[in-house]
Structure formats: C-alpha cells, structure tokens
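Good morning, and thank you for coming. I would ask you to keep the sequence and the structure in view while I speak.

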Amino acid sequence: MADITLSPDRLQRTQTPATRRRASLRNFKAQGLAWMLALPALFLMAMLLLGPLLAVVVLSFTDYSLGNASLDWRGLDNYQAMLGDDIFYKSISNTLVYVGIVVPGSLLLGLGAALLIESLTRGKAFWRAVYFLPVMATLIAMAIVWEFMMSARFGIIPQTLALLGFPAKNWLQETATALPVLCIIGIWQSLGFNMVLFMAGLSGIPRTLYEALELDGGSSAWTRFWTITWPMLAPVTMFVVIITAIRSFQVFDTVHVLTKGGPNNATMVLIYQIYQEGFDFFRSSYAAALTVVFLVFIFILTVIKARTIENKVHYS
Amino acid sequence: MAEVQIRNVSKRFGTTTVLENASLTISKGEFVSLIGPSGCGKSTLLRIISGLEVQDTGQIVIGDRTVDDLRPSARNLAMVFQSYALYPHLNVASNIAMPLRMQRLNGFQRLPVIGRFLPGSATANDGIARQVRDAAEMLDISHLLERKPGQLSGGQRQRVAVGRALVRDPAAFLLDEPLSNLDAKLRVHMRTEIAQLHRRLKATFIYVTHDQVEAMTMSDRIAVMMDGDIIQVGTPDEVYDQPVDIRVAEFIGSPKINVVPVDIEAARGMAVLAGAASGVVTDPSAVSLGIRPEAITVSSSSGLAAGIVEHAENLGSEEYVQVRLDALPEIVITARAGHGTGWTRRIGSAAHVSFDGNRALAFDSAGRRVACRAYAPRHVGGKAVANG
C-alpha cells in the first residue's frame, strides 16, 4: 500500500508505460476497497436520511393526501397556496417571535446561572442538578404539569397572581399572553442545558488570565467579565445561540399539550401547523411543502453555525 | 521602581508548610533570582509579593509602604507569567496597552465603541498608543502589533508578555520562570535580552527560576531556596564558591559538584579520602568534601586516587571525564579536562584523579559548611604530603 503514497514527481521519474498502468490499477483497487468499506454507511444514510428528505421534497410538488392510493403532479401549487394562507404567516411570525424570545432569554439566564454557580464554594453540584432537571425530564410530562399550574381554578400561578390583584385567568387561553407563557416555559426548559455548556466554557478559561488582568490593574468583577469572561466564552455563546435557535424552531410538545395552536392561532407555530395539516387534515402534500420551508430555516442556521463557529470565534 | 522587602513570611497550604519565616530585601534596581528545586516555595513567594497569594504571617514592604492589605492591582507590580497569560482574543497592541488602559481610562471610557467618544479618552488613547509603539520598538515587535497571540511563536509571545510588563513604570518586575517554555537556543538568547533590559531600565527585578544557569548569568544576587527556606543569599560568585550548605553546593553548578565521604585523621586534622591523605585539613566535624569538576585533575599516570574511566563527554571546548574510584566503587568523580584531551577514546582504561586543595569545601553531617584549607601552600598530589 505504501506505493500509493509516492509523490507525483517521484512517480514520473521512475515510470514507464507499464509501471504507470500498474500504478493506476493499484490506485483503482485501493479506491474500490475504500468505496466498498464505505458502502454500508452510505446505504443507511441514503435510506434513513436522504431518502425521506427527497420524498418530502417530491411530495410537496404533488396533491398526495395520507391514505390515498394515487397522486398527481401539481408543480408549485402547494407553495402558491402557502402564500395565500394566513395561518402560515401567523405560524411563521409566531415561530420567529418564540425563537427571538427564547434564545436571548435562555442564553442570558443560563450564563447568569453558570456564573453564579461557578462563584459558589459549596453546593455547586446540587445547584447544577437543580437547573439541569428540566432538561432531563420529558417535556410532554412537564407540559402537563405546567397545564395544571396554569389552570385558572386551582393552578398555583393564576392563584398566586390573583393574590397580587391580577384577574385569576388561565393565561394560556388569552390571545395576548398564550405565546409569552409558552416562551417562558421554553426558557425554563433550555436554561439548564445552556448553563451546563457555559459552565464547561467557564472552566476552560485559564486562571492566569484573571491573575494577569488583576496585575494589569483590572480589579472589579465588571472589568473581569467584559475583558476576559465574555470574549473567552464567544465560541460557547455562538454554539448556544445556534443550538437553542434550532431547538426553538422545533417547538412542538408544549404547543401540542397546552394550546393546540390556539387560542385564535395565537400560538400556532410552524411544526404544529405541519402536524395539523399532515395528521389532522391529511393534507400530506401541503404539510410536505411546509416542511421544506422549515428545512430551509434549519439549513440556513446550520450554514451560519458551520461558517462562524469554525472560522470566526476561535482564538487558538 | 522601589525596594522590596520580605519580612518573616510564612505560608501553609493545609498541613504542608510552603514557606517558613522567609526574609529577603531586594534593593532598588537590583536583579535578584529566587532559585531552588520545584516545590521549594519560590513561586509561592513571588505570588505573595504580587498579592495573588496571601501569606499567613509576615509582611511585604514595597518602597516604604506595607502592601499586605492592598489588592494585587493596587501594588503597581508588573508580572511575566510562565504561560505568558496573554489575552488570546486581543491583538498584540491591545495586550500591551491593557495595563495603561486600566490605569488611565475609567470603566465607561473602556467601553468598546462609545468609549472612544467620551471626553478625555481621545488624548488618553493617543498617549497609550504612543507608549505601546515605544515598548514594541524596544522589544523589536513593532511588526507584530496587529497579530493575535495565537499567531506568534513562543519567543514572540514572550516578548509581548515582557512588553505588557514594561509599558508602565512598575515598582518592580516579577518574572515567574519566563523562559521555561522556550527551546534551548532561544532561552540563551532571551537570557541576554532580559539582562540587557534590566541594565537599560535600571528597575527592580525579581526572577524565579529552577535553572541555575539563568540565575548565575543574569542576577546581581541569588537567593537559594530549599524546602520553604531561603538558605543562602549572595552574588553568583559567593553562592558558587562559598556555599553555606551542601544542598546549595549541589544545586548550583553544572556538572554537579563531586561529594566524597572522608575520615578525619585525629593528629593533624587531615581529611582521608579513600584511604589516602587528601592534603586538606578540615574541622573535625567534617564528614564529606565537595570538589567542583574544574578543581579536579585527571591523569592516566599518577594522582591521589585510582579508578576506571567510566564515561567521557566531549563538549568541544572541554571534556568531562567520569572516573569510578577503585577504593570507593559507589563514587563516580566528574572531572573537567581541557579541549582535545581525548578521554572519550579511553573509556574503560585506568586513570588517576587529584584535586586542588584550595578549592575543596568541607561539610558536616548536617550538610553545613565547615572550615577547611589546603595542608601545604603548594598544589599537592596528596601522596607526597602524606609521606612527608
């Protein structure tokens, strides 16, 4: 096998037509072996990842509905219908609002929790576990607990707010407050995960940097944070932003359990609309078109992640 | 710059005593090295001076001010760390500017974009930029000012770290093994540069190292530390020629000093080495003699003690010959032989060693230095004296 790695100029110096033929044959054999070895993984990838994706894209150009035996090619009809669909606009804007609140909210609170817990001398593990609990719990189950807590008649949250003079309402059933409440639950859920990422990032900052800053004359916690902690956490922060954004785009569980997109489509989000169109109304082809739109968003985020994380925010 | 006094400083980590009642005064403008094996407390002492570590007892006085209740940032000391501790997200210019920015700009003026437009910050920033350029020029790193530390070589990073220290006018420079991460060649070069820098700045330097060559070549005075104690303070010559303790003698000097056990002959106080009178008269408490390799003569024909050449190293300018003594097989004597003496070709052959009695050092059973002198004023080959 070593011969294959010969440098090109060396090959040229020694080669006759016969040796060149032998070399290219050997090269072909090696390449063939490589493809053979990669084949099982390629097969699975095609079956499980690329195949379904392709199927969704193809379906979005048809009039297929779940259970039908046949389908017709409809071109861009589904996408055209989307442009006239008020619920689609509503779900896009709701999704963006949700992402726009949950990402900064869970990022700042996660960072705050990480800094506070790191500054403790005792009980770090305990607090870390407490904040991480919502991440480990099944969100569907937790959503049911939230439903009880938000109940107007006996939920702890409306009852407590009533004591403070607010009307005892189920805030999840009010058009104006339903989405913000879902955002709060989203923040509560992803805060712990972000916190753990930030804690890992914090532990990677060399102590001597803080000592150097101290000797350079920077002594306040504020200066330490802005001069060292925040810039040194930039790679982690970028990662947290992208991961939380992708997860927030996929919000479904809480919507499904708590509001079903209501009231009045106030909490209709992209994935829930896909679910409704596909499995409540059996308009599979329209759901497929919505899915393509969703995939475009995720794809953009992934590209941003690949570009920035790999190129910009590393200092080494 | 200022004088730095360490007064009776002790420090314990849990049950381990790291420093025991250490005292040392470093004069204004002096270059003092703290040297010792790892774990001797030298870095801890430096960190206590800087304020990064707090002593259990004792005082640190800088200039005429006791600084024990001051934060590190208020002590006006500059430190070069072993890891350099450069800010990886800032370019070289910003790294060097950091102490000046902390000194001259308030929190609002340091804000990223808005800070520049606040009153007073333009003038301050101009002054800082000028000083950064001057420091960079002095260290020959002007062409690197826009780079990030990650794009620099070890030696360049080291210069930036020094630049960050010297850009302001600190009371003293603290250097914590600053050369230990460099390759051997660069280390020799930077040694010269730091010594020259000290001469030019005439500032107080406190330099921690475990490398005795660095300490010997750069310092005005050396403080040798062992097990949390400063056991000797002196000029490089004093520490090398007149060590007060066998540990100092063994730590300073390369190759290591030869230590041979001796018996003391009662009548004349003559030290007896491997059965032969050594030609050195010592205090009766002496149990061993220390002889530097350059004070030993190795000869193929005659000498004080016979042995076999076990190994020889040719360094070009000189050769080091290791001779295992016939009478004391556990002792290998290292001798320095001149250029081109060809001992490397005579490994395994017989040889004789003798030494200059005037340069022998005697130590008692506790390792303390005791008196000794050559028996006869002339250079002696041992046997003649013993017979005479």
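Let me begin with one residue of chain A: Met136(A) counts as exposed, at 54% relative accessibility. On this scale, buried means under 20% relative accessible area, exposed means over 50%, and partly exposed lies in between, with a 1.4 Å probe and protein chains only.

Before going on, a word on the source: this is a predicted model, in which local features need pLDDT of at least 70 and side-chain atom pairs count only at pLDDT 80 or more, while totals for chains, interfaces and linings use all residues. Residues are numbered from 1 along each chain as its sequence is written, chains are lettered from A and ligands numbered from 1 in the order in which they are written, and side-chain values use heavy atoms, with hydrogens and water left out.

Met136(A) belongs to helix H5 of chain A, residues 124-136. Helices here are DSSP runs of H or I with at least four residues, strands are runs of E with at least two, and both are numbered from the N terminus. How far apart in space are Met136(A) and Phe193(A), which are 57 residues apart in sequence? From C-alpha to C-alpha, the distance is 9.2 Å.

I turn to a pair of helices in chain A. Two packed helices are described by the angle between their axes and the distance between the axes. For helix H6 (residues 139-150) and helix H7 (residues 156-163) of chain A, the axes come within 4 Å and cross at roughly 30°. The axes are lines fitted to C-alpha atoms, for helices over the stretch in contact, and the angles run from 0 to 180 degrees between N-to-C directions. H6(A) and H7(A) are therefore roughly parallel to each other; angles under 35 degrees count as roughly parallel, over 145 as roughly antiparallel, 65 to 115 as roughly perpendicular, and the rest as oblique. Which residues meet here? Trp146(A), Met149(A) and Met150(A) of H6(A) meet Ile156(A), Ile157(A) and Pro158(A) of H7(A), where contact means heavy atoms within 4.5 Å.

Further along chain A, the loop between helix H12 (253-259) and helix H13 (270-280) holds Lys260(A). Lys260(A) has a positive phi, near 50°, and is a residue other than glycine. Its relative accessible area of 48% makes Lys260(A) partly exposed. Asn265(A) lies in the loop between H12 and H13 of chain A. Asn265(A), not a glycine, has a positive phi of about 60°, and at 26% relative accessibility Asn265(A) is partly exposed.

Now to chain B and its strands. Two strands pair if DSSP finds at least two bridges between them. Strand S1 (residues 4-13) and strand S4 (residues 57-62) of chain B are antiparallel and joined by five bridges; Ser10(B) stands opposite Thr57(B) in S4(B). S4(B) also pairs with S5(B), in the antiparallel sense, over two bridges, and Val61(B) has Thr66(B) as its bridge partner in S5(B). S4(B) and S5(B) form a hairpin with two residues between them, and Gly63(B) in the turn has a positive phi of about 65°.

Ser73(B) sits in the loop between strand S5 (65-66) and strand S6 (77-80) of chain B. Which residues does Ser73(B) contact, leaving aside its neighbours within four places in sequence? They are Glu214(A), Gly217(A), Gly218(A) and Ser219(A). With Glu214(A) there is a polar contact between the side chains, at 3.1 Å; the term denotes a pair of N or O atoms within 3.5 Å, where within protein one must be able to donate a hydrogen and the other to accept it, and residues adjacent in sequence count only if both atoms are side-chain atoms.

Chain B also has an open sheet of four strands in the order S11-S15-S21-S22, with antiparallel pairing. Its edge strands are S11 (258-261) and S22 (369-370) of chain B, each pairing on one side only. Within this sheet, four bridges join S15 (residues 286-291) to S21 (residues 361-364) of chain B, and Leu289(B) has Ala362(B) as its bridge partner in S21(B).

I close with the cysteines. Cys183(A) is buried, at 1% relative accessible area, whereas Cys372(B) is partly exposed, at 24%. How many disulfides does a search of the whole structure find? Over all chains there are zero, a disulfide being a pair of cysteine sulfur atoms within 2.5 Å.
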